[in-house]
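Trainee: I am new to this one. Can we go through the terms step by step?
Mentor: Gladly. Take a look, then ask.

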Amino acid sequence: MIINSIIRWIHLLAATTWVGGMIFHLFIAFPALTTPQQGQRVTVNATILSRFLKVVWVSVGVLILTGIWNLNVRIHQAVPPDFSWWVAFLIKFLLVLGMISMSGKLHFAIVPKLKEIATPPSTASGGEGGETELATLQKKAMGLTRGTLLLGIVVLLLAAYLTLLSSG
Ligand code: HEM
């Protein structure tokens, strides 16, 4: 049915937006922030992250809704999913939960702190201690982005495997 193809296309579009956005941030945007002032670098990075994470939540919503649709379509096919399909699907689902919780931690715990500490007055008065805290938070932010990307790549591999199993 054409509607199923459209829903799959939207699912793919949302997955590409999330994973592609992380690749762009890690390999292009972040390395391009070369200002010598660490505070400024962190502020710009935190701004990019918080803008990107808003897009991520839209993608997550779309992935969940279209994912439920895909699941419903798959379950009702003439040949129902076998055991290996369910195992791969369960792993995919758990990894997606991992991606969501890492993005949540980044957006609601790390990015606000980064923004707060990186503002010029607090950096100026924070001295070396402020710089160290900034560096630690920045590392955590980039570590979480890397971790989410890694899980996303495995999720894509599992999605390819699921599709292969479904096509026989
Ligand atoms: C709760 C979230 C999700 C659910 C319930 C879900 C469910 C599904 C299902 C049932 C399929 C069809 C598998 C088959 O053909 O047998 C599918 C395909 C796919 N999913 Fe997801 N998914 C979710 C999240 C994600 C995420 C986060 C990504 C990537 C970051 C992703 C990427 C894909 C891709 C690339 C396909 C293959 C589409 C195709 O071949 O047409 N999914 N998903």
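Trainee: How many helices and strands does the protein chain have?
Mentor: This is a predicted model. The protein chain has four helices and zero strands. From the N terminus on, the order reads α-α-α-α.

Trainee: What makes α1 roughly antiparallel to α2?
Mentor: Start with the axes. Helix α1 covers residues 2–32 and helix α2 covers residues 38–75; their axes come within 8 Å and cross at roughly 155 degrees. Angles over 145 degrees count as roughly antiparallel. Therefore α1 is roughly antiparallel to α2.

Trainee: Is the crossing of α1 and α2 left-handed or right-handed?
Mentor: Left-handed. The contact of α1 with α2 has 15 nonpolar, 10 polar and one charged residues.

Trainee: What share of the residues counts as buried?
Mentor: The figure is 21% of the 168 residues. Each of these has 20 or more other C-beta atoms within 10 Å of its own.

Trainee: Which residues are closest to the ligand?
Mentor: Ala-15, Gly-67, Asn-70, Ala-159 and Ser-166, out of 22 residues that surround the ligand. Elements α1, α2, α3 (83–118) and α4 (120–167) each give two or more residues to that shell. By class, the shell has 14 nonpolar, six polar and two charged residues.

Methods. Residues are numbered from 1 along each chain as its sequence is written. This is a predicted model: local features need pLDDT of at least 70, side-chain atom pairs count only at pLDDT 80 or more; totals for chains, interfaces and linings use all residues. Axes are lines fitted to C-alpha atoms, for helices over the stretch in contact, and angles run from 0 to 180 degrees between N-to-C directions. Angles under 35 degrees count as roughly parallel, over 145 as roughly antiparallel, 65 to 115 as roughly perpendicular and the rest as oblique. A crossing is left-handed if the near helix is turned anticlockwise from the far one by less than a right angle, and right-handed if clockwise. Ala, Val, Leu, Ile, Met, Phe, Trp, Tyr, Cys and Pro count as nonpolar, Asp, Glu, Lys and Arg as charged, and the others, Gly among them, as polar. A residue is near a molecule or strand if its C-beta atom, placed from the backbone, lies within 6 Å of it. A residue is buried if 20 or more other C-beta atoms lie within 10 Å of its own, exposed if 12 or fewer, and partly exposed in between; C-beta atoms are placed from the backbone.
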